[in-house]
Amino acid sequence: MTLTASVRRPAGKPADGTGIGTDTGIGVSTGPEIGAGTPPGGRTGRARDADGLAVASFVLGLVGLLVMNILLGPAAVVMAVIALARSTSRRGRAFLGLALGIADLVVLALLVTSNGTVSWNFAG
């Protein structure tokens, strides 16, 4: 008897399919069945993707403050907007990613206007 066979069979029916016998309670589940399309925790793939986008937006926005803000800033903004549009459960992280992405673009604008290049210059 395999795990999937014991979970999917109706309660009260033995695994051999004869319909005679007693049910020991093995394989009876009160929640959704394994393989029923719902992952553990009840989260769908789209919601997990939106949560991942929110976290990625936050990380890209944070890293973008230090390096490559010309690429990472807009990427953080786009990922945050998509995560919020998909109703992520990590709304705070998505808003932080959005704010950090915008801050990346502000830093980029300040750098371009101060010294005329798109580069960091620590040696005044």
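Modeller: A helix here is a DSSP run of H or I with at least four residues, a strand is a run of E with at least two, and both are numbered from the N terminus. Please keep in mind that this is a predicted model, where local features need pLDDT of at least 70 and side-chain atom pairs count only at pLDDT 80 or more, while totals for chains, interfaces and linings use all residues. Residues are numbered from 1 along each chain as its sequence is written, and side-chain values use heavy atoms, with hydrogens and water left out.

Biologist: Why does Gly64 count as buried?

Modeller: The relative accessibility of Gly64 is 0%. Buried means under 20% relative accessible area, exposed means over 50%, and partly exposed is in between (1.4 Å probe, protein chains only). Gly64 is at 0%, and therefore it counts as buried.

Biologist: Which residues is Gly64 in contact with, leaving aside neighbours within four places in sequence?

Modeller: Those are Asn69, Leu72 and Asp104, where contact means heavy atoms within 4.5 Å. The C-alpha atoms of Gly64 and Gly101 are separated by 7.4 Å, although the two are 37 residues apart along the chain.

Biologist: What makes H2 roughly parallel or roughly antiparallel to H4?

Modeller: Two packed helices are described by the angle between their axes and the distance between the axes. Helix H2 (residues 45–64) and helix H4 (residues 91–115) pack at about 30°, and their axes are 7 Å apart. That angle is why H2 is called roughly parallel to H4. The cut-offs are under 35 degrees for roughly parallel, over 145 for roughly antiparallel, 65 to 115 for roughly perpendicular, and oblique for the rest. The axes are lines fitted to C-alpha atoms, for helices over the stretch in contact, and the angles run from 0 to 180 degrees between N-to-C directions.

Biologist: Which residues of H2 and H4 meet?

Modeller: On the H2 side they include Ala54, Ser57, Phe58, Gly61 and Gly64, and on the H4 side Ala94, Gly97, Leu98, Gly101 and Asp104 are among them. By class, this contact of H2 with H4 has nine nonpolar, five polar and two charged residues. Ala, Val, Leu, Ile, Met, Phe, Trp, Tyr, Cys and Pro count as nonpolar, Asp, Glu, Lys and Arg as charged, and the others, Gly among them, as polar.

Biologist: What makes H2 roughly parallel or roughly antiparallel to H3?

Modeller: H2 and helix H3 (residues 69–85) pack at an angle of about 155°, with axes 8 Å apart. That angle is why H2 counts as roughly antiparallel to H3. The contact includes Leu53, Ser57, Leu60 and Gly64 of H2, together with Asn69, Leu72, Ala76 and Met79 of H3, among others. Its classes are 13 nonpolar, four polar and no charged residues.

Biologist: And how do H3 and H4 cross, at what angle?

Modeller: The axes of H3 and H4 cross at roughly 155° and come within 8 Å. That angle is why H3 is roughly antiparallel to H4. The residues of H3 that meet H4 include Leu72, Gly73, Pro74 and Val77, and those of H4 include Phe95, Ile102, Leu105 and Leu108. This contact of H3 with H4 has 17 nonpolar, four polar and two charged residues.

Biologist: How do you know that Ser57 is buried or exposed?

Modeller: Ser57 has a relative accessible area of 0%, so it is buried. Ser57 lies in H2. Not counting residues up to four places away in sequence, Ser57 touches Ala76, Met79, Ala80, Ala94, Gly97 and Leu98.

Biologist: What makes Ser87 count as buried or exposed?

Modeller: Ser87 stands at 55% relative accessibility, and therefore counts as exposed. Its place is in the loop between H3 and H4. Ser87 also has a positive phi of about 55°, although it is not a glycine. Met68, in the loop between H2 and H3, has a positive phi of about 50° and is not a glycine either.
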